[in-house]
Amino acid sequence: MTTLAPPPAPTAQDGRHRAAPPATSSRLRRMFTGAPQDPRWARPALWAILVLAAALYAWNLSSLTGNTFYDAAVYSGTRSWKAFFFGALDSGSFITVDKPPFALWVMGLSARAFGYGTWQLMLPMVAVGTGSVALLYRMVRRDFGAVAATIAALALTLTPITVAINRDTNPDPVLVFLMLLGAAALTKAVRTGRLMPLVWSGVAIGFAFNTKMMQAYVVLPAFFLVYLWAARTGLGRRVRNLAVATLALVVSSAWWMVVVDLVPASSRPYIGGSTDNTVWDLVIGYNGFGRIFGASSSVGSQGNGASFGGEAGLDRLFNSIMGGQISWLIPFAIIALIGGLVLRGRAPRTDAQRAALLLWGGWFVLHYLTFALAEGTFHPYYVTAMAPGLAALAGIGAVLLHRAFREGSAAWGWVLPAAIAVSTVWAVVLLQRVSGSGTLYTVAEVVAGVAGAVAVIGLLLGRFTRRQRLTGLAALAAVVALLAGPAAYSVSAAASSTNGTNPTAGPSTGGMGGGQRPSGSGGPGGSTSSSDSQSTGRPPSGDAPSGTGRDGGGMGGTQVSSAMISYLKKHQDGAGWLVAVATDQTASSIILESGEPVISMGGWSGSDNAMTLAKLKSLVKSGKLHYIVVGDSGQGSSDSAISAWVEKNGTAVSAYSGLYRLDASDVG
């Protein structure tokens with residue numbers, strides 16, 4: 001047998017071979033054209049999806065209000081580096097918000113660099129939201145190819161609640177991005193068996209913890225399982241690497257908490273939401289077990305979250321409030337996860353596709369159970385953290401089930417059509433719930449129903465007649481059927497002229513969310529009219545709607561009039577704080593309108609013990625505070641003592657009910 005020798009390696013003298021292009025220009029070209037092995041349509045499709053994501057998240061940016069609670073904290077952080085570090089609500093650093101400050105730092109750095117205003121706060125959110133889509137595409141493409149990655153990226157882009165929250169100043173978009181960074185590093189560690197990617201995964205989740213505390217840890221069981229099972233190294237090294245990465249996770253999670261709790265209480269703000277003025281209490285209480293079991297330091301009592309996302313239970317994410325926000329692809333994702341694991345069941349331990357299924361399936365299942373069964377405070381926008389798992393399973397399942405449909409046994413020939421049929425029926429049910437809410441939803445219902453029927457019939461006909469082209473067209477129809485409803489809801493969210501502190505997409509179907517959101521009042525130094533806030537580019541603060549819970553909206557609380565604010569500024573007389581009020585939502589509104597520090601005596605719900613009578617007397621005696629509003633909703637355990645002392649010793653300002661003036665001479 002004759003063996004052909006390989007061709008000689010090219011030399012510098014061989015004119016037939018040109019030098020390889022510089023690495024930088026090659027990377028730039030691949031950025032726009034994709035890898036050589038990718039289909040020619042793949043990279044243009046990705047760019048189109050990223051442009052769509054940015055457009056949905058940034059459309060009509062100047063009219064958004066965001067969450068005034070966090071907006072005020074960001075503004076205060078631009079006035080004081082101390083307030084910036086601690087995440088204080090006011091620039092005088094009297095009390096913090098009830099979350100760690102990483103998301104505030106991201107927005108605050110943007111505001112310090114470009115000035116404080118709507119687009120400056122929203123720019124990081126649009127960036128991390130779009131970046132999350134790109135990260136998901138990259139991870140899915142590596143193991144399942146461009147088709148699966150494109151479907152996953154499009155599904156994440158069009159997840160309704162993701163569009164709504166990425167147009168807001170809540171910390172959730174930053175949380176999701178950091179969790180995806182952690183997942184990307186994890187998959188690299190699994191693929192290579194190396195330690196450092198796993199360490200960086202722990203660091204990313206640690207920063208996610210400093211964005212929204214215990215919610216960042218929901219994915220950790222899946223991360224540990226995937227690495228321990230599938231990493232390409234020996235068991236001993238896997239265990240050792242996990243131990244080192246866990247140490248990195250603990251350090252990156254705890255450093256801010258440890259620093260804050262080591263600072264004497266007299267030298268830092270009160271930790272909002274805690275019962276004992278420590279970050280640790282906030283971690284294990286309100287932002288920890290209180291979310292799951294309903295017992296917390298303040299408003300997260302048993303069943304308190306029911307009015308925002310429906311009663312806790314396995315069907316919560318399918319109810320009239322949550323269904324249109326997140327549930328569109330859940331039936332398909334469940335079938336895809338089960339089918340994918342069966343298809344990869346006999347693969348080697350280190351099989352990358354099964355590892356990916358375990359990762360994204362674990363991401364989805366853990367979030368689903370957490371959000372469905374949580375008895376504490378629960379808002380619809382929390383479930384945006386589940387969206388990457390759902391979207392990844394949709395893309396992966398589409399490819400795996402389609403391959404099994406074409407190449408598998410007769411039984412597999414029914415799985416993909418059944419998954420599409422079930423998901424189409426559920427989409428029509430969701431759209432039927434809002435059928436009277438506008439033409440957009442009626443059109444989406446028709447498109448979903450027709451495209452779903454075409455997809456199922458086309459797949460079956462294509463299989464039995466062996467017409468591959470018909471099968472391909474049916475698969476495209478399936479994508480249209482499953483994403484028509486989410487697209488309608490997403491367009492609705494993007495078209496909303498304002499956003500609130502409890503953002504949702506689509507028409508209102510109950511709870512405290514809904515597509516109609518209150519317009520606001522001016523930002524720091526601005527007018528109270530919505531039009532003025534839009535023209536100045538300042539985020540409107542708005543009248544916080546009553547009863548929307550700690551993470552959004554108000555829990556009662558008097559909104560101080562613009563006339564009172566003008567009076568307070570005129571008679572501030574050098575005091576460090578403009579006024580003391582009962583709750584965060586009242587304080588944040590005044591901060592955004594006046595641009596001055598305002599004390600929130602009782603935190604979000606008025607139940608925090610941030611203000612005591614002794615502390616109030618000290619502030620008044622030192623000239624740091626002259627005005628206080630009493631008769632406001634709840635002022636914590638010292639409410640009656642503070643009110644009685646103020647009413648006895650202060651001077652009532654007759655023009656404004658509940659407003660009292662206090663001077664050093666009033667302190668005995």
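Helices (H or I, at least four residues) and strands (E, at least two) are DSSP runs, numbered from the N terminus. The views below show a predicted model, in which local features need pLDDT of at least 70, side-chain atom pairs count only at pLDDT 80 or more, and totals for chains, interfaces and linings use all residues. Residues are numbered from 1 along each chain as its sequence is written, and side-chain values use heavy atoms, with hydrogens and water left out.

View A. Arginine 138 is placed in helix H6, which spans residues 118–157. With a relative accessible area of 55%, arginine 138 is exposed; the term buried stands for under 20% relative accessible area, exposed for over 50%, and partly exposed for values in between (1.4 Å probe, protein chains only). Together with Arg30, Arg142, Lys188 and Arg194, Arg138 forms a positive surface patch. Such patches consist of residues with over 30% relative accessible area and no salt bridge, like charges being joined within 9 Å and nonpolar side chains (Val, Leu, Ile, Met, Phe, Trp, Tyr) within 5 Å. Lys and Arg count as positive and Asp and Glu as negative, while His and the chain ends are not counted. The place of a charge is taken as NZ of Lys, CZ of Arg, CG of Asp or CD of Glu.

View B. Helix H12 covers residues 279–293 and includes aspartate 281. Aspartate 281 is buried, at a relative accessible area of 14%. A polar atom of the aspartate 281 side chain lies 2.7 Å from the backbone nitrogen of threonine 275. Asparagine 277 is in the loop between helix H11 (235–262) and H12, and has a positive phi of about 65° although it is not a glycine. Most residues other than glycine have a negative phi. Phenylalanine 289, also placed in helix H12, is partly exposed at 49% relative accessibility. Phe289 belongs to a nonpolar surface patch with Trp280, Ile284, Ile292 and Phe293, for which the accessible area together is about 510 Å². Accessible areas come from the Shrake-Rupley method with a 1.4 Å probe, and for residues only the protein chains shown count as cover.

View C. A salt bridge is a side-chain nitrogen of Lys or Arg within 4 Å of a carboxyl oxygen of Asp or Glu. Aspartate 172 and lysine 212 form one through their side chains, at 2.6 Å from N to O. Aspartate 172 lies in helix H8 (residues 172–192) and lysine 212 in helix H9 (residues 195–212), so the pair ties together parts that are 40 residues apart in sequence. Both aspartate 172 and lysine 212 are buried. Methionine 213 lies in the loop between H9 and helix H10 (220–230). The phi of methionine 213 is positive, near 55°, and this residue is buried at 1% relative accessibility.

**View D. Further salt bridges.** The whole structure holds seven salt bridges. In one of them, aspartate 98 pairs with lysine 99, their closest N and O atoms being 3.4 Å apart. Aspartate 98 is buried at 1% relative accessible area, and lysine 99 is buried at 4%. Aspartate 351 and arginine 344 also meet in a salt bridge, at 2.7 Å from N to O. Aspartate 351 is buried at 12%, whereas arginine 344 is partly exposed at 23%. Asp573, Arg661 and Asp663 are joined in a network of salt bridges.

Conventions:
Polar contact = N/O pair within 3.5 Å; in protein donor to acceptor, adjacent residues only side chain to side chain.
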